[in-house]
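I opened a new model today and kept notes as I went through it. The entries follow the order in which I looked things up.

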Amino acid sequence: MKRMMMGVGIAAAIVCSTPLSAQDSGLEVTEVILSKALENGRPVDPGASFSRRDGRIYCTVRVTNPSRTATTIRVAWERAGGPASSTGIELNIPARPRYRTVARTGTGRAAGRYRCVVYDADDRELGAAEYELTE
C-alpha cells in the first residue's frame, strides 16, 4: 500500500508538469521520457540533449486509459518549430487503465532541435518532449 501511494504521488507530480491530454479520446499522457537506453523496459540516462554518436533515442510513453478501450497512439519525431508529421510509429494501447510503451529513433538526422510527439488515433497531440541533437 505504501509503495502504491508513493507511485500515485509521483504520477500526480508528472501529470501536473505535463498539461497535454485529449479528453475526447479518454487517453491522457502522464509521462514522456527521452533516454539513451532502456533497462528492463525503463528509461536509463534520461535527458533532453543527445549526440549523434548515441545511435538511438528512446521515447517512453505512459498513458492512462480510464475508458479501458483498446486504441492506438502514434509517436512521431519532428523538427521543433516545423510542421506536424503525418508519419511515425503506430503503437497499440490495450484495454487497460494504465500502460507504458516505447518508441525509438536513430540519430542520423541533422543536428538541431526536435520533438518526440504523441498523437491519439484521431491525430490530436497528447504529449511531447523536446530535445537537442548535437554532433
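How many helices and strands does the protein chain have? I counted one helix and nine strands. I am working from a predicted model.

**Whole chain.** I looked up burial next and found that 33% of the 135 residues are buried.

**Sheet.** I traced an open sheet of five strands in the order S3-S9-S8-S5-S6, and its pairing is mixed. I marked S3 (49–51) and S6 as the edge strands, since each pairs on one side only. Neighbouring strands here are turned by 30° against each other on average, with direction ignored. I looked at one pair in detail: S5 and S6 run antiparallel and share five bridges. I also found Arg74 opposite Glu90 in S6.

**Core.** Which residues touch the most other members of the largest nonpolar core? I found Leu34, Ile73 and Val75, in a core of 22 residues. I listed the elements that give two or more residues to this core: S1 (28–39), S4 (56–64), S5 (71–79), S6 (89–93), S8 (112–120) and S9 (125–134). In soluble globular proteins, nonpolar side chains tend to be buried together.

Setting aside residues up to four places away in sequence, I have Val75 touching Cys59, Val61, Gly88, Ile89, Leu91, Ala103, Cys116, Val117 and Val118.

**Thr105.** I turned to Thr105, which lies in strand S7 (residues 98–106). Is Thr105 buried or exposed? I read a relative accessible area of 12% for Thr105, and the limit for buried is under 20%, so Thr105 counts as buried. Its side chain makes a polar contact with the side chain of Arg109, at 3.3 Å. What else is Thr105 in contact with, leaving aside neighbours within four places in sequence? I noted Gly55, Arg56, Ile57, Trp77 and Tyr131.

Definitions and conventions: Residues numbered from 1 in each chain as written. Predicted model: local features only at pLDDT ≥ 70, side-chain atom pairs only at ≥ 80, totals over all residues. Heavy atoms only, no water. Helix = DSSP H or I, 4+ residues; strand = E, 2+ residues; numbered from the N terminus. Buried < 20%, exposed > 50% of the residue type's maximum accessible area, 1.4 Å probe, protein only. Core = buried A, V, L, I, M, F, W, Y, C linked by side-chain atoms within 4.5 Å. Contact = heavy atoms within 4.5 Å. Polar contact = N/O pair within 3.5 Å; in protein donor to acceptor, adjacent residues only side chain to side chain. Pairing = 2+ DSSP bridges. Axes fitted to C-alpha atoms, helices over the stretch in contact; angles between N-to-C directions.
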